[in-house]
Every structure is written in C-alpha cells, then in structure tokens.
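Trainee: I have just opened this entry and would like a guided tour. Could we go through it together, one question at a time?

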Amino acid sequence: MRAVRLTAWQRDPQLAEIEQPMPRAGEVLLRVEAAGLCHSDVHVVDAPPGALPYQPPFTLGHEVAGHVAALGPDADTDPGSPRIGDRFAVYGPWGCGSCAHCAIGRDNYCDRRGTLSWHGAGLGRDGGMAEYMLVSSARHLVPIGDLPADQAAPLSDAGLTSYHAIAGLRHLLGQGTTVAVIGVGGLGHVAVQILRATTPSRVLAVDVREEALALADRSGAHFATLLRADTAQVLRAQADGVGVDAVLDFAGTTATLELATATLRPGGELALVGSGGGQLTVRKPGFLPPGFRLSLPFWGPRSELTEVLTLAHSGALRVETEHFPLSAAPEAFGRLRNGKVRARAVLVPD
C-alpha cells in the first residue's frame with residue numbers, strides 16, 4: 001500500500017510503498033477515506049533530532065476517518081463493537097491506556113505522556129496518510145455514521161481541539177460577553193462556528209490575511225479585522241471599551257500573545273492553542289490584566305469528539321476543506337508550509 005512517511009527528521013515526507021498491516025489481538029484495520037493535514041504535521045517534520053521522543057520511519061497523519069476493513073482475531077463480538085464496513089473517526093491522542101486519565105477517555109492528558117515514545121496516530125505510531133491504517137484499540141474509534149469523511153477527519157483535531165479550548169472558557173461566555181479568536185485558519189474558522197453554536201457570546205476575529213477574514217465572515221464572526229498596530233484598541237472598542245472576556249489564540253506568536261493580553265478585560269482568560277513559538281512575559285504590577293488567567297488546552301477527551309461530530313451532523317459545523325490526492329501529499333505539505341492552503345487540507349486516497 002502507499003503511505004506518506006517521515007523517514008528522517010527535517011526531511012520532506014516521502015510517498016512510499018509499504019506492506020499493508022494485518023490486525024492482531026484487539027486491533028482494527030481501517031480503510032482510510034480521508035486524512036487531514038495540519039501545521040502540527042509540519043512541526044513534526046521540522047523537529048530537530050531529539051526534540052520529540054518518536055523514532056522514524058513512521059506514517060504521518062493524526063486526523064483520520066475511514067471504515068473497518070479487518071478486525072484482529074479475537075475481536076469483540078458484543079453489540080456495539082466495530083464491524084466490517086462500520087465508519088469511524090480516529091481519536092488521535094493515544095495515551096498509555098491504563099492511567100486515571102486514559103481510563104476515562106482523556107488520553108490527551110495521559111499521566112505517562114512524558115515516558116511514551118509516541119503520542120498517537122501519526123505521532124510516533126503509523127497514522128492515516130495511507131490507504132490503510134492500523135488502530136491499536138477500538139476505544140480510539142468514534143462512529144461517524146453518514147458524515148462525509150472529509151468533514152469527519154479534520155474534526156478529530158481541528159474540531160476537537162477548538163471545542164475543548166472553548167469548553168474551558170464557557171463559564172466566561174454568557175449573555176452580553178465578547179470573545180476574540182486570533183488566527184482564522186484550519187482551527188480558528190471551526191472555533192468561530194462552535195462559539196456561535198454553543199454560546200451567546202459576540203465573536204471577534206483577527207488574522208493577518210484578508211482571505212482569512214472572509215473565511216471568518218462565512219463562519220459567522222460578528223466582526224473581523226486585520227492584525228495591525230491599533231488592533232487591541234479596535235477590539236476593545238468592539239467590547240464596550242472594557243476589553244473582551246476571553247481570547248482564543250490559534251497562532252501563538254509573540255505578536256498575537258501581546259495582542260491577547262492588551263485586549264482582555266480584568267478577570268479575562270487566554271486559551272493558548274497555537275504553537276507559533278511566541279513568548280509571554282509575566283510580571284507584576286500592571287503588565288497583565290488583573291485576574292488574568294492562562295490555559296494551555298491540548299486536543300480533547302474522546303467524549304468531546306462525540307459532541308463535535310453531533311454538532312456536524314446537526315449542520316451547525318462545517319469545515320472548509322481543500323482536497324489533495326494521496327499522491328499529491330508533498331505538494332500539500334509545501335502549500336501548507338507556505339500559507340497557501342485554504343482552511344484545512346485533506347488527503348484522499350487516489
């Protein structure tokens with residue numbers, strides 16, 4: 001079968017022919033229908049040797065949807081267990097499977113994460129940028145029904161990560177509140193839709209690209225503006241002059257972190273999702289809003305992926321995607337790296 005492989009650190013991924021895996025005890029083989037491509041894949045490829053605990057080679061791809069092609073020899077036959085042909089999204093963060101967090105479906109916060117040589121599908125373990133993918137346990141599968149695979153795949157990260165970040169802020173986002181979304185790309189445009197569907201808050205959007213502001217408008221933002229020197233004042237004016245109640249930063253650069261802290265009202269919270277390498281200086285007095293809180297949400301629990309997929313089935317959530325055949329994966333990586341991908345890139349087996 002064909003697969004997009006990371007063969008060495010800081011080297012472009014390679015489309016290679018490898019042996020199709022066979023499921024063993026407890027494993028499930030998926031026929032991949034779609035695999036999302038996001039900036040974290042680029043971060044993995046670009047990582048210097050030793051920065052991550054993974055050992056190349058492995059197949060990339062942590063946003064995956066497909067149908068069951070084969071089951072391990074001792075597959076569970078209880079009602080509700082996977083059956084040949086059943087369609088699933090793959091819950092991407094795979095923890096140790098035995099700690100307190102993993103036991104309740106919160107593998108994203110696995111207590112033993114620091115000791116593992118992998119962090120999930122496409123993150124040290126073979127992922128879904130391939131014709132087939134081996135899933136280590138049925139507990140990592142979430143049913144998608146008739147939801148199109150090109151929607152289900154990116155929702156397993158772009159949707160889940162956004163939803164989880166918003167869930168941590170929901171206590172701040174009641175009637176009459178304002179929230180800012182910085183970075184309206186693959187995750188940000190999904191976050192705008194989730195905010196509109198699950199909170200009454202007024203949603204402001206910021207990006208450096210005009211086309212991203214158009215995407216924010218299509219996603220339901222109440223107001224969108226370019227990142228400029230006066231953007232903090234513009235956003236504060238949109239929030240009755242007192243500042244916004246919460247900020248979701250999907251870029252994570254020094255410039256966006258400075259914008260976030262300059263925009264928040266006292267008692268506000270910043271959810272930092274992006275991994276742009278920015279730095280936030282913490283010192284007192286006066287540098288940060290009084291009562292400022294910072295959260296660092298990572299992916300999300302499996303139960304929230306079910307809620308995200310339910311939103312998509314209801315029509316409240318739709319990912320804007322750009323399709324590439326699996327054979328064009330190198331081109332897709334290059335376009336993503338250069339900021340040329342609209343919203344979310346999705347690889348579809350030829």
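Trainee: Leaving aside neighbours within four places in sequence, which residues is Gly120 in contact with?

Mentor: A word on the ground rules: this is a predicted model, where local features need pLDDT of at least 70 and side-chain atom pairs count only at pLDDT 80 or more, while totals for chains, interfaces and linings use all residues. Residues are numbered from 1 along each chain as its sequence is written, and side-chain values use heavy atoms, with hydrogens and water left out. Contact means heavy atoms within 4.5 Å. With neighbours within four places in sequence set aside, the contacts of Gly120 are Gly92, Trp94 and Arg125.

Trainee: Does Gly120 count as buried or exposed?

Mentor: Gly120 is found in strand S7 (residues 120-121); strands (E, at least two residues) and helices (H or I, at least four) are DSSP runs, numbered from the N terminus. Buried means under 20% relative accessible area, exposed over 50%, and partly exposed in between, with a 1.4 Å probe and protein chains only. Because its relative accessibility is 0%, Gly120 counts as buried.

Trainee: Which residue in S14 stands opposite Val179?

Mentor: S11 and S14 pair over four bridges, in the parallel sense. The residue in S14 opposite Val179 is Ala246.

Trainee: Are H3 and H4 parallel or oblique to each other?

Mentor: Two packed helices are described by the angle between their axes and the distance between the axes. Axes are lines fitted to C-alpha atoms, for helices over the stretch in contact, and angles run from 0 to 180 degrees between N-to-C directions. The axes of H3 (residues 149-167) and H4 (residues 188-198) come within 9 Å and cross at roughly 50°. Angles under 35 degrees count as roughly parallel, over 145 as roughly antiparallel, 65 to 115 as roughly perpendicular and the rest as oblique, so H3 and H4 are oblique.

Trainee: How do the residues of the contact of H3 with H4 divide by class?

Mentor: H3 contributes Ala158, Gly159, Ser162, Tyr163 and Ile166, and H4 contributes Val190, Ala191, Ile194, Leu195 and Thr198. Ala, Val, Leu, Ile, Met, Phe, Trp, Tyr, Cys and Pro count as nonpolar, Asp, Glu, Lys and Arg as charged, and the others, Gly among them, as polar. The division is seven nonpolar, three polar and no charged.

Trainee: How many of the eleven residues of H4 are buried?

Mentor: The buried residues are Gly188, His189, Val190, Ala191, Val192, Gln193, Ile194 and Leu195. They pack against several elements, including H3, strand S11 (178-182) and helix H8 (302-314). H4 is mostly covered, and the number of buried residues is eight.

Trainee: How is H1 placed relative to H9, roughly perpendicular or roughly parallel?

Mentor: H1 (residues 39-46) and H9 (residues 329-337) pack with their axes 10 Å apart, at an angle of about 100°. The contact is made by His39, Asp41, Val42, Val45 and Asp46 of H1 and Phe333, Leu336 and Arg337 of H9. By class it has four nonpolar, one polar and three charged residues. Their angle makes H1 and H9 roughly perpendicular.

Trainee: To finish, which residue in S18 is the bridge partner of His323?

Mentor: Strand S18 (residues 344-348) is mostly covered, with four of its five residues buried. Five bridges join S17 (residues 321-325) to S18, and the two run parallel. The bridge partner of His323 in S18 is Val346.

Conventions
Pairing = 2+ DSSP bridges.
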